[in-house]
Amino acid sequence: MRVITTVQEMQEIIQQVKAEKKSVGFVPTMGFLHEGHLTLLRNARKENDIVAMSIFVNPLQFGPNEDFATYPRDFERDRSLAEKENIDFLFYPSVAEMYPSEASISVIVKDRTDVLCGKSRPGHFDGVATVLTKLFNIMMPTRAYFGKKDAQQVAVIDSLIKDFNFPIKLIPVDIVREENGLAKSSRNVNLEPYEREQAAALYRSLQKARSAIEEGERDIPELKKIIETTILNESQGNIDYIEIYSYPELKPIDKASGSIIMAIAVKFSKVRLIDNIIMSVK
Ligand code: AMP
């Protein structure tokens, strides 16, 4: 595995790889790797000649009162975890390398941002779409791997790829969880130990709603109530949102039917966690 820190060197390497007609699997991350990231890498390894991961904590996608400064970082740990996955390139640029001057152009996401994390985190998806436009141009991947934990992000990237004609296949990957059901997240280290236990209530609440649907419940307010009651009874987290929408359109629905997402965001003392279940309802 080679660690590359400059855009120019990364582009020269990728151009060489493409000239050799090799496929490139790309896994963009913000580092502090866990099994979720490693699962994306393993899928990429199976399906591509060359695998590249980026580690870049992108300031553009954090709001002024968000956790950019405290976002966990440990490059040496990440490097050794990545090395074990037998990947080819680890792209690790600095902020100054990615944004040498204030950009004169940014990507604005117009659709699907007035809901879920887009609503709670104004500008977040513009930052995600802008950095991914840059990373896609640098890495020119054949396939790009993203986790369904960030389901709204997957929907936005699907549009980015289609709207801007990137010749890239988007591969969404299932959520990887702790034994207690908590979705793996780099941010989990910033949970207090008691919060880590309580945070398992997020997935339990979604599972209860899924069971209710399987038993015939279709009423959206009723399903949201099931989720809310579980989170309030089993944790001290503050609910940011509980929403049920069509997926991937992210439009409000009258009743649970077709492809839907049940998505939640809950704030603990230092961390805001998200989780979701996407399911098909007959
Ligand atoms: P991040 O480093 O948090 O920006 O995540 C990088 C990629 O890993 C994104 O595509 C995430 O959706 C994905 N990811 C993060 N956590 C998980 C998880 N628990 N399961 C599957 N994918 C994940």
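**Around the ligand and beyond**

The largest share of the shell around the ligand, 3 residues, comes from α2. This is a predicted model, and the talk below starts from that shell.

Trainee: Which elements each supply at least two residues of the shell around the ligand?
Mentor: Good place to start! We already know that α2 gives 3 residues to the shell. Including that helix, the elements that each supply at least two are β2 (24–29), α2 (35–47) and β5 (143–147).

Trainee: How do the residues of the shell divide into nonpolar, polar and charged?
Mentor: In total, 17 residues surround the ligand, and M30, H37, D150, V176 and K184 are the closest. Sorted by class, the shell residues come to 7 nonpolar, 6 polar and 4 charged.

Trainee: How much of the ligand does the protein bury?
Mentor: Begin with the ligand taken alone, which exposes 480 Å². Of that area, the protein buries 93%.

Trainee: Are α1 and α6 oblique or roughly parallel to each other?
Mentor: Helix α1 (residues 7–19) packs against helix α6 (residues 124–139) with the axes 8 Å apart and an angle of about 50°. Angles under 35 degrees count as roughly parallel, and 65 to 115 as roughly perpendicular. The two helices are therefore oblique.

Trainee: How many nonpolar residues does the contact of α1 with α6 have?
Mentor: On the α1 side the contact is made by V7, M10, Q11 and I14, and on the α6 side by N137, I138 and M139. None of these is charged and 2 are polar, while the nonpolar count is 5.

Trainee: Where does P248 lie, the residue whose peptide bond from Y247 is cis?
Mentor: Most peptide bonds are trans. The one from Y247 to P248 is cis, with omega near 10°. P248 itself lies in the loop between β7 (238–246) and β8 (258–267).

Terms used. Residues are numbered from 1 along each chain as its sequence is written. This is a predicted model: local features need pLDDT of at least 70, side-chain atom pairs count only at pLDDT 80 or more; totals for chains, interfaces and linings use all residues. Side-chain values use heavy atoms; hydrogens and water are left out. Axes are lines fitted to C-alpha atoms, for helices over the stretch in contact, and angles run from 0 to 180 degrees between N-to-C directions. Helices (H or I, at least four residues) and strands (E, at least two) are DSSP runs, numbered from the N terminus. Angles under 35 degrees count as roughly parallel, over 145 as roughly antiparallel, 65 to 115 as roughly perpendicular and the rest as oblique. Contact means heavy atoms within 4.5 Å. Ala, Val, Leu, Ile, Met, Phe, Trp, Tyr, Cys and Pro count as nonpolar, Asp, Glu, Lys and Arg as charged, and the others, Gly among them, as polar. A residue is near a molecule or strand if one of its heavy atoms lies within 4 Å of it. Accessible areas come from the Shrake-Rupley method with a 1.4 Å probe; for residues, only the protein chains shown count as cover.
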